[in-house]
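Welcome to a short tour of a protein structure. Take a moment to look at the sequence and the 3D view, and then follow along one region at a time.

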Amino acid sequence: MKNGILRHLTFWKIIGAIIVGFGLYSTYLRVTLGLGATTNLSDNFPWGMWIGFDILCGVGLAAGGFIICAISHIFHIKKYEPLIRPAILTAFLGYLLVILGLLYDLGRPLDVWHAIIMWNTHSVMFEVAWCVMLYTTVLFLEFSPIIFEKFKWNWLLNIVRKISTPIMMLGILLSTLHQSSLGSLFLIIPTKMHALWWSPLLPVYFYLSAIGVGFSVIIFESYLSARVFNKGLEMNLLTRIGLFSAIFIGVTFLIKLIDLTAYGKLGLILANTQESILFLAEILIGTLIPVAILLNKKLRETTHWLYISAVFIIAGFMFNRLNVSITAISGINNAGYFPSIYEIGVTMMLVVLGMWAFGFAVKYFDVFPVEEFEENEEDEILRPDQKELLAED
Amino acid sequence: MQKQKGLLFDSTMCVGCGECSLACKEANNLKKTSSDPLRDQLSADTYTVVHQFVGKDNEEIYSRQLCMHCINPTCVSVCPVGAFEKTPEGPVLYDESKCIGCRYCMQACPHNIPRYEWSSNYPRVRKCILCAHRLKDGLPTACAEVCPTGATQFGLLEDLKKEAAERIKNNPDTYYPHIYGLNEAGGTSVLVLASVPFDRLGFAKNLPNEPLPEYTGRALQAVPVVLSAGTAFLGGMYWLTKRKNQIAKEENKEN
Ligand code: SF4
Ligand code: SF4
């Protein structure tokens, strides 16, 4: 059995190393040759996968951090406290990767600091830039106690603990602004976007769906950590989280439905165009299937069904962000776009780096509370995995 | 507003000679990109092009494409570092020393105008500047000066508006009854007349009369509201739930 785990881990390590290797090569090309030679972007289609995936999905998937902070520190619902650290870690790493991704996408990455001193408060992009900067700082402060604890820097620990409440509140406010402002970015192109996605409510959709997916990311991570590190979270907490996820995703969908009906756009859904098919796929994967699973009490209390629903919600969320940023725009502007191999290479590298960093942090810092994980829970969460590994031997 | 300059392009008078695009290249020191100006496309080295279209009786129509120099420009509003500016004389200008290369201006321009130096390692955004350097010396734009038929006319925007309305009134059979640019997305400093609906000549359609920056403006106006209401809400909930937990604890003790 030991052997099985080892073989398993080495295999993924090699895959990861290959991805990072190609990512570094893509980076080299991007830096030396510029955007034109390495991306499939064009004058007709200036924002591609690095915006649609690295930024829009990256920020959204980091939403778990502020949600759990709000639940446990503002609403004082104590039982969710074990979720705080993994959620904050994810958010912090997520934002670091978003910043890294942004540097690839900017035509003049070394001038990014201009945003600090040259202001245009009419620009949503300006709001986005400031939210990224401030919230990454806040996330660092929120995560720092874990580091200070480890190295026993008690005086620093005391300082961050003292300011922790206002910092948490600031984090929640900044997240609210940031998640919604990513949707607001697209408000200004009503005529350049497909009507199935353009709506004055885009910021609301972005905000609500980010909350929904944030919950699912927590479930996803907890399950994976249980398999890989033997560290995870209690099942009954996760079940409740799954329900919250379904509620936010469901409500987002209902508002969208009312919105489409009110503006007479329902017909577009069945128009049988590329857009309508991708819209239906997005709704099916990201909303209908997972919400149906989660609303069933029996299913959501089963570990792997809960996990499967989380995977659906996360996939559907990414589908939505890519639809908003690519599908909705490329067709209408006659700009066929598919990311280049280097764009994909860089994005995959960022994902792998994120997973490595997460693994590293979980291993060396107290991210998951080990004591939650006594025999009985282990039974519940580890059983399928153990079976699999045993079968492998 | 009074001294704002502009262009009136009347496609019914355009013969498709392409002189304007050539003169533009010269006036702005742009690289030659094509031997046939009618086949050229807008690019980082081409600020304006003339294209051929077919009218309803199969007649040839020629129309130009260039920055419309919007009255309330989307590009100015979206740039996070304020690299774009609408000057009082009319031209919408780009300051490359500020640009960080996010390309939001390109993504957002309703007329799909700004072009990027994709092959450069320190790229600039490029587009028509309404010959701002010539305007300063009291000269018209190069394209208007060279136009042999007067299809492209330079002048005070207010005068051009009157002129355009006049032409439609006097020749209702020639013109499609609309001045493109009078109200599109809040209006532009480049006005266009044509014999057919404008989207057939490649101009953006379905534009609202409201300037597009208003759309994001409404979302941005909500920011201070979200901040203050959010702070009050979070603070209130923090205090309330804490108090509730305390009372629950005390009650537990008493029992
Ligand atoms: S046409 Fe586009 S680039 Fe020109 S001023 Fe208007 S928004 Fe800016
Ligand atoms: S690409 Fe440059 S000019 Fe255009 S919006 Fe971004 S920073 Fe502003």
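A residue is near a molecule if one of its heavy atoms lies within 4 Å of it. Keep in mind too that this is a predicted model.

**Two ligands and their surroundings**

Let us begin with ligand 1. Which residues come nearest to ligand 1? Of the 14 residues around it, these are Cys67(B), Met68(B), Cys70(B), Cys75(B) and Cys109(B). Sorted by class, the shell of ligand 1 has ten nonpolar, three polar and one charged residues.

Ligand 2 has 14 residues around it, and Cys79(B), Cys99(B), Cys102(B), Arg103(B) and Cys105(B) come nearest. Its shell is made up of twelve nonpolar, one polar and one charged residues.

**A sheet in chain B**

Now find the open sheet of three strands in chain B, which has the order β8-β1-β9 and mixed pairing. Why is one side of β8 and of β9 left without a neighbour in the sheet? Strands β8 (152–156) and β9 (190–193) of chain B stand at the edges, and each has a single partner strand, so one side of each has no neighbour there. From one strand to the next, the twist averages 25°.

Look at one pair within this sheet. Strand β1 of chain B, residues 5–10, pairs with β8(B) in the antiparallel sense, over five bridges. Leu8(B) has Gln153(B) in β8(B) as its bridge partner. Lying across β1, β8 and β9 of chain B is helix α6 (residues 157–170) of chain B, which runs at about 130° to β8(B).

**A hairpin in chain B**

How many bridges join strand β2 to strand β3 of chain B? Six bridges join β2 (residues 49–54) to β3 (residues 60–65), and the two strands run antiparallel. Together β2(B) and β3(B) form a hairpin with five residues between them. In the turn sits Asn58(B), with a positive phi of about 65°.

Most residues other than glycine have a negative phi. Two further asparagines with a positive phi can be found in loops.

In chain A, Asn272(A) lies in the loop between α12 (266–269) and α13 (274–295), and its phi is near 60°. Is Asn272(A) buried or exposed? With a relative accessibility of 61%, Asn272(A) counts as exposed, because the cut-off for exposed is over 50%.

In chain B, Asn112(B) is placed in the loop between α3 (104–108) and β6 (115–116), and its phi is near 55°. Asn112(B) has a relative accessible area of 26%, so it is partly exposed.

A residue is called buried when its relative accessible area is under 20%, and the table shows the values.

| Residue | Relative accessible area | Class |
|---|---|---|
| Ser209(A) | 9% | buried |
| Ile326(A) | 14% | buried |
| Ile55(A) | 9% | buried |

Start with Ser209(A), which has its place in helix α10 (residues 202–229). What does the side chain of Ser209(A) reach at 2.7 Å? It reaches the backbone oxygen of Tyr205(A). Leaving aside neighbours within four places in sequence, Ser209(A) is in contact with Ile249(A), Thr252(A), Phe317(A) and Arg321(A).

Next comes Ile326(A), part of helix α15 (residues 303–330). Not counting residues up to four places away in sequence, Ile326(A) touches Phe45(A), Gly48(A), Met49(A) and Tyr337(A). Ile326(A) and Ile71(A) are 255 residues apart in sequence, and their C-alpha atoms are 34 Å apart in space.

The tour ends at Ile55(A), in helix α3 (residues 49–61) of chain A. Not counting residues up to four places away in sequence, Ile55(A) touches Trp50(A), Val98(A), Leu102(A) and Leu182(A). Asp105(A) is 50 residues away from Ile55(A) along the chain, and the C-alpha atoms of the two are separated by 9.8 Å.

How values were computed:
Residues are numbered from 1 along each chain as its sequence is written. Chains are lettered from A and ligands numbered from 1 in the order in which they are written. This is a predicted model: local features need pLDDT of at least 70, side-chain atom pairs count only at pLDDT 80 or more; totals for chains, interfaces and linings use all residues. Side-chain values use heavy atoms; hydrogens and water are left out. Helices (H or I, at least four residues) and strands (E, at least two) are DSSP runs, numbered from the N terminus. Buried means under 20% relative accessible area, exposed over 50%, partly exposed in between (1.4 Å probe, protein chains only). A polar contact is a pair of N or O atoms within 3.5 Å; within protein, one must be able to donate a hydrogen and the other to accept it, and residues adjacent in sequence count only if both atoms are side-chain atoms. Contact means heavy atoms within 4.5 Å. Two strands pair if DSSP finds at least two bridges between them. Axes are lines fitted to C-alpha atoms, for helices over the stretch in contact, and angles run from 0 to 180 degrees between N-to-C directions. Ala, Val, Leu, Ile, Met, Phe, Trp, Tyr, Cys and Pro count as nonpolar, Asp, Glu, Lys and Arg as charged, and the others, Gly among them, as polar.
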